[in-house]
Amino acid sequence: MSNNGTVAQQSRVTVPSPGCLAAIMVPIVAVLIAASVLMVMGYRQERANERNKAEALERTADLAHSYARDMVVAPNGFPGQEVVRGIAERHDGRLLSYARSEDSLTTTVRFFGEYEDTNMFGVSHSRAYHCYSIVLRKRAEGAPQAKTSPLEECNVI
């Protein structure tokens with residue numbers, strides 16, 4: 001009360017206690033840290049998955065060259081379609097087209113490479129594929145020679 005009997009109005013500024021600020025800030029900081037960790041983990045997993053897929057596609061190139069070597073050493077000149085299909089399957093491939101003429105054999109084969117695809121919920125096995133055109137031509141001495149070319153699209157089915 002004031003001297004003249006009225007209630008005096010007081011102006012007070014309240015400052016929250018340090019414990020109260022900590023109670024508000026700790027959950028916010030924890031959420032930001034957790035989000036940052038999850039983002040970094042997701043980025044690393046994505047890069048690892050891309051690297052695994054690239055390695056699988058490199059293996060398809062090795063399979064294509066191995067397939068071409070087997071085609072060159074096939075007995076009796078150019079092998080028939082069923083023999084070619086069998087050779088492709090031994091090399092994790094699928095024969096898409098077969099065209100044979102008197103002096104050449106052209107095949108299109110889709111080769112598969114498996115890799116691990118990791119995400120937050122576990123690991124799954126995926127398949128990457130790439131198509132190659134393999135052309136066998138007879139050289140002057142009669143032995144076949146193979147030329148392997150990667151294709152941009154596998155639209156031959």
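## Basis of the model

Residues are numbered from 1 along each chain as its sequence is written, and side-chain values use heavy atoms, with hydrogens and water left out. Because the model is predicted, local features need pLDDT of at least 70 and side-chain atom pairs count only at pLDDT 80 or more, while totals for chains, interfaces and linings use all residues.

## Overall picture

Let's start with the whole chain. The protein has two helices and four strands, following the pattern α-α-β-β-β-β along the sequence. Here helices (H or I, at least four residues) and strands (E, at least two) are DSSP runs, numbered from the N terminus.

Of its 157 residues, 25% count as buried, meaning under 20% relative accessible area; exposed is over 50% and partly exposed lies in between (1.4 Å probe, protein chains only). The accessible surface comes to about 11,200 Å², with 55% of it belonging to carbon and sulfur atoms; areas come from the Shrake-Rupley method with a 1.4 Å probe, and for residues only the protein chains shown count as cover. Among contacts (heavy atoms within 4.5 Å) between residues at least 6 apart in sequence, 45% join residues at least 24 apart.

Strand S1 (residues 93-100) runs antiparallel to S2, and seven bridges join them; two strands pair if DSSP finds at least two bridges between them. S1 and S2 form a hairpin with three residues between them. S2 and S3 are also antiparallel, joined by 16 bridges, and this hairpin has two residues between its strands.

Thr-106 is the bridge partner in S2 of Ala-99, and its own partner in S3 is Val-135.

## Ser-133 in S3

Ser-133 is found in strand S3 and counts as buried because its relative accessibility is 14%. Leaving aside residues up to four places away in sequence, Ser-133 touches Thr-106, Thr-107, Thr-108, Lys-147, Thr-148, Ser-149 and Leu-151.

Met-120 is found in the loop between strand S2 (104-119) and strand S3 (122-138). With a relative accessible area of 44%, Met-120 is partly exposed.
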